[in-house]
Amino acid sequence: MTKKNLHPETLLAHYAEERLEHKGAVVPPLYQNSLFVFEDWDAIDEAFDDRYEHAIYSRGTNPTVRLVERKLAALAGAEAARLFGSGMAAVSAAVLHYVDAGDHVVAVKNVYGPTNNLLNRYLRRKMNLETTFVSGESIEEVEQALRPNTRLLYLESPSSAVFSLQDLAKTTALARSRGVATVIDNSWATPIFQKPLALGVDLEIHSASKYLGGHSDIIAGALIGDEETIREIAVNEAELLGGKMAPFEAWLMLRSLRTLPIRMRQHQENALAVARFLAGRPEVKQVRFPGLESHPQHALALQQMSGFSGLMSFELATSEIERIKAFVNALELFQLGVSWGGHESLVYAPAISYLKELPPDQFAALGISAGDIRISVGLEAAEDLIADLEQALRAIEV
């Protein structure tokens, strides 16, 4: 079956699944094995000539993993994809693929906390890598940050915590004119609601633990891009650093992808209802969600995205830690946890970890405060989620 003209729901249900090759099994078999044997010397010798295509050892290629990679690449409108054992394994492989010691990176300042640490601490110490952080909201700001030795522009749209956008078409055109590679963390929107490669991005990153997994039961990452780049990463950064995707996690992700379009639609519907409720509450200072008409970049969001997921943040109209704690602790359906993108609704206060991961000056520079609350709106009934938020807000009435 070809991927041409297939809607996402159909593609994710059928593409790349050669069922008759597996005795008609409607669910593809799980290749749990670590290695693959060959008939003779010539057969394994031929396989080593193309380790990317041939299954030799599951650290490199595994049929279950490869099936999910093919499906994910087709969904994103790309030539190829590579799965990893975690989102940070994918991030690290992408960054290391493009940079050498002494290079310069321009990154959005509100990137995922561990990504910030990778760029600004770890690689700075290990490779003398310099990173300039920008808001990304202004193309002029990005242009001013570029240097002759800039090799990578790292994007995240919407960005963590503040949910600001970058104009992907303009930003990537600028980078391309300067010979700078662009990568983007597209975990928030997924390929269902945003296709960055079509807007000029070179490489798309996903924490597949989030919406692509969708059930809070796998840790995984993904890189999506052109065939040549993915091949190079597969036999270098992926294979040598060993951040492989396990076959069972890939099999679970295959299950999850089948429901991704319908899950994303429900996340969006619930999130819009919750965001509009919060925007009308006196206990809430502001709501950060690109799907709201009041978001300062809502027009850009409509231009480069076809929908909105369930992750947002809002700032409580108080800076008193005890009152903020009271709100979080009063929630019943929104469970307190660090991740997002699963079927369940979650709440988290970025100040808890950001103050541990970043110096106080960098925390302040992110544009967030102790009163900022992040919620991941799940698949429960929106009315129940709103009722839960309403009763918790009473704990901090202003």
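In the predicted model, helix H9 (residues 227-241) contributes the most to the lining of the second largest cavity, with 3 residues. This cavity has a volume of about 30 Å³. Its lining is formed by Arg 51, Tyr 52, Gly 60, Thr 61, Arg 82, Ala 234, Val 235 and Glu 239. By class, these lining residues comprise 3 nonpolar, 2 polar and 3 charged.

In total, 2 cavities of 30 Å³ or more were counted. The largest cavity holds about 80 Å³ of space. Around the largest cavity lie Ser 58, Arg 59, Gly 60, Thr 61, Asn 62, Val 65, Arg 66, Glu 69, Arg 82, Leu 83, Lys 244 and Met 245. At least two residues of this lining come from each of helix H3 (63-76) and strand E1 (80-84), and H3 gives the most, with 3 residues. The lining of the largest cavity divides into 5 charged, 4 polar and 3 nonpolar residues.

Helix H4 (residues 87-98) packs against helix H5 (residues 113-127) at an angle of about 45°, and their axes lie 11 Å apart. The two helices are therefore oblique to each other. The crossing of H4 past H5 is right-handed. On the H4 side, the contact involves Met 88, Val 91, Ser 92, Val 95 and Leu 96; on the H5 side, it involves Pro 114, Thr 115, Leu 118, Leu 119, Leu 123 and Met 127. The residues of this contact include 9 nonpolar and 2 polar, with no charged residue.

Definitions and conventions. Residues are numbered from 1 along each chain as its sequence is written. This is a predicted model: local features need pLDDT of at least 70, side-chain atom pairs count only at pLDDT 80 or more; totals for chains, interfaces and linings use all residues. Side-chain values use heavy atoms; hydrogens and water are left out. Axes are lines fitted to C-alpha atoms, for helices over the stretch in contact, and angles run from 0 to 180 degrees between N-to-C directions. Helices (H or I, at least four residues) and strands (E, at least two) are DSSP runs, numbered from the N terminus. Angles under 35 degrees count as roughly parallel, over 145 as roughly antiparallel, 65 to 115 as roughly perpendicular and the rest as oblique. A crossing is left-handed if the near helix is turned anticlockwise from the far one by less than a right angle, and right-handed if clockwise. Contact means heavy atoms within 4.5 Å. Ala, Val, Leu, Ile, Met, Phe, Trp, Tyr, Cys and Pro count as nonpolar, Asp, Glu, Lys and Arg as charged, and the others, Gly among them, as polar. On a 1 Å grid over the protein atoms alone, a cavity is a set of points where a 1.4 Å probe fits but cannot get out, and a pocket is an open set with protein on both sides within 12 Å along at least five of seven lines; lining residues have an atom within 4 Å of a point. Grid points are joined across faces, edges and corners, and a volume is the space filled by probe spheres set on the points.
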